[in-house]
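Trainee: I would like to go through this model with you, one question at a time.
Mentor: Go ahead, and keep each question specific.

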Amino acid sequence: MKKLINDPDEVVADALRGIDAAHPELRVDHEHKVIYRAEPKTDGKVALVSGGGSGHEPLHGGFVGPGMLDAACAGEVFTSPVPDQMMAATTEVDRGAGVLHIVKNYTGDVMNFDMAAEFADGDDVRVETVVTDDDVAVTDSLYTAGRRGVGVTVLLEKIVGAAAEEGTDLDGVKEIAERVNAGGRSMGLALTSCVVPSAGEPTFDLADDEYELGIGIHGEPGRERLPMAPAAELAQRLLTPILDDHDFTDGPTIAFLNGMGGSPLLELYLMYGEVRRLLDEAGITVARSLVGNYITSLEMAGCSLTLLAVDDDLLRLWDAPVSTPGLRWGA
Amino acid sequence: MSDAVDLEELVDWLRRFDDRIQDERAHLTKLDSAIGDADHGANMARGMTAVRELLDESDLDEATIGGLFKQAGMALVSKVGGASGPLYGTFLLRFGSSGGDRTNLDAAGLVDALDAALGGVVARGKAEAGDKTMVDAIEPAVAALREAIEDEATVAAATATAARAADAGRDATEPMRARKGRASYLGERSEGHVDPGATSSALLFRALADALESAG
């Protein structure tokens with residue numbers, strides 16, 4: 001393992017020090033490992049708290065700032081944060097209008113956020129929760145922990161963040177969050193494994209001439225392992241299960257081609273070109289695009305595709321100003 | 001009251017659980033690498049180290065079962081993360097709630113407290129027996145304990161029976177297909193592996209039996 005680290009057990013704490021140094025517009029609570037806005041939002045507005053295992057940067061800490069999150073809790077690499085962190089963040093960011101927890105659907109994340117919400121309930125802070133579960137690679141959800149929360153989480157944090165910034169109340173913010181999750185579908189693939197610093201070796205083995213289809217964001221196995229193929233075929237493999245699962249021909253769509261951390265932007269744009277060609281052929285209207293590394297899996301090479309069905313209202317919220325380390329426009 | 005379990009024995013139980021977790025850390029991680037994310041050993045070891053520190057600092061003369069087990073549960077929840085923190089944390093919290101202000105439990109009280117703890121794990125994890133989880137070890141252990149106590153076995157003998165039932169429950173997870181947690185994403189590929197959570201839960205009941213046997 002060759003990594004830009006000091007001590008495998010201190011990776012998250014050390015990285016938070018770097019984030020603190022690089023972003024004066026953020027404030028880092030190093031004890032609780034929570035990233036806050038340096039300037040809290042005004043009283044009376046709903047606050048958004050998210051968090052999860054580290055290793056997916058810029059998610060979630062890179063999305064703290066005006067127009068998106070108020071706080072992000074950083075867990076160990078690929079391990080959920082603990083309720084103490086969410087409780088500290090929830091109490092800190094509440095401006096009297098309640099707090100929305102944005103949770104990706106993984107067993108550990110859901111349970112830890114559940115406990116935090118139960119404890120916060122006794123503290124007079126109103127907490128609502130939205131759980132994202134957009135990964136169509138997980139099938140048969142009656143017999144699994146359910147679909148995983150992946151790419152739609154980024155789009156949701158942006159759109160819901162704008163709604164909260166406008167002054168929408170907690171029920172309204174939650175309703176928008178659920179609408180976004182319901183309209184989003186994702187599918188990912190990996191060309192290489194990732195190396196968790198504390199493990200020191202690749203999480204799985206993948207031959208040079210193979211790729212793993214339906215990968216999650218923690219190096220967990222996907223649907224199937226297939227012989228490597230040209231980008232045009234890979235794009236089709238990502239898109240087909242998404243379109244089989246949800247109809248995107250009804251209205252405008254946001255198309256999001258996300259890098260897993262180890263693939264160059266050149267390849268991500270190339271993949272996006274292939275995806276757009278297929279979307280055009282399928283009669284899907286792409287209103288907005290996002291291409292880049294936004295929800296990553298350490299140094300894994302590969303990408304995921306997320307489609308989100310939107311309406312004029314959601315598009316307006318998407319276009320609203322945002323100013324975070326990871327996403328910034330109009331501000 | 002001769003056949004009661006006092007706070008000192010319950011604390012000994014948690015210490016022995018810590019010992020077993022530290023000893024079996026690599027084994028738990030190996031089991032978790034096969035069907036999970038290879039962190040169960042490290043997470044449990046970190047959490048139980050915190051619990052032991054708490055026990056070492058506590059004044060047992062002033063403590064109640066409720067107070068001590070709630071603190072231990074919170075220590076676990078605060079240190080572990082992942083799914084095992086909330087699950088084992090809830091187990092201890094519910095055990096503590098059931099024990100309340102008491103400083104010892106009679107045989108029926110022990111069954112009630114463990115049953116409450118099981119109920120907490122089921123509610124938190126929304127898992128049923130057969131899902132290839134901790135519940136597959138804990139549920140048969142509590143059932144065996146209750147049956148043995150009803151048959152008027154001593155608490156030491158009953159907890160030994162419970163530990164054997166937990167071991168059998170752990171072994172029975174091997175052919176199961178996981179329906180909860182990260183292992184469930186593997187579908188049929190989760191078959192043929194013993195569940196790491198059921199394995200650590202069997203250690204919990206083994207530690208209880210050892211604590212009561214040595215107190216015997």
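Trainee: How many Å apart do the C-alpha centres of domain 1 of chain A and domain 2 of chain A lie?
Mentor: This is a predicted model. The domain assignment of chain A gives residues 12-183 to domain 1 and 184-317 to domain 2. The separation of their C-alpha centres is 23 Å.

Trainee: Which element gives the largest share of the side of domain 1 of chain A that touches domain 2 of chain A?
Mentor: The contact takes 24 residues from domain 1 of chain A and 32 residues from domain 2 of chain A. On the domain 1 side, the elements that give two or more residues are α4 (152-166) and α5 (170-182) of chain A. The largest share is 7 residues, and it comes from α4(A).

Trainee: How do the residues on that side of domain 1 of chain A divide into nonpolar, polar and charged?
Mentor: The side in question is the one that touches domain 2 of chain A. Its residues divide into 14 nonpolar, 6 polar and 4 charged.

Trainee: Are α7(B) and α8(B) roughly parallel or antiparallel to each other?
Mentor: Helix α7 of chain B covers residues 135-150 and helix α8 of chain B covers residues 155-172. Their axes are 7 Å apart and the packing angle is about 150°. Angles over 145 degrees count as roughly antiparallel. The two helices α7(B) and α8(B) are therefore roughly antiparallel.

Trainee: Is the crossing of α7(B) and α8(B) left-handed or right-handed?
Mentor: Contact residues include Ala141(B) and Leu145(B) of α7(B), and Ala162(B) and Ala165(B) of α8(B). The contact of α7(B) with α8(B) divides into 15 nonpolar, 3 polar and 2 charged residues. The crossing of α7(B) and α8(B) is right-handed.

Definitions and conventions. Residues numbered from 1 in each chain as written. Chains lettered and ligands numbered in written order. Predicted model: local features only at pLDDT ≥ 70, side-chain atom pairs only at ≥ 80, totals over all residues. Domains from an automatic or database assignment. Contact = placed C-beta atoms within 7 Å. Helix = DSSP H or I, 4+ residues; strand = E, 2+ residues; numbered from the N terminus. Nonpolar A, V, L, I, M, F, W, Y, C, P; charged D, E, K, R; others polar. Axes fitted to C-alpha atoms, helices over the stretch in contact; angles between N-to-C directions. Parallel < 35°, antiparallel > 145°, perpendicular 65-115°, else oblique. Left-handed = near helix turned anticlockwise from the far one by under 90°.
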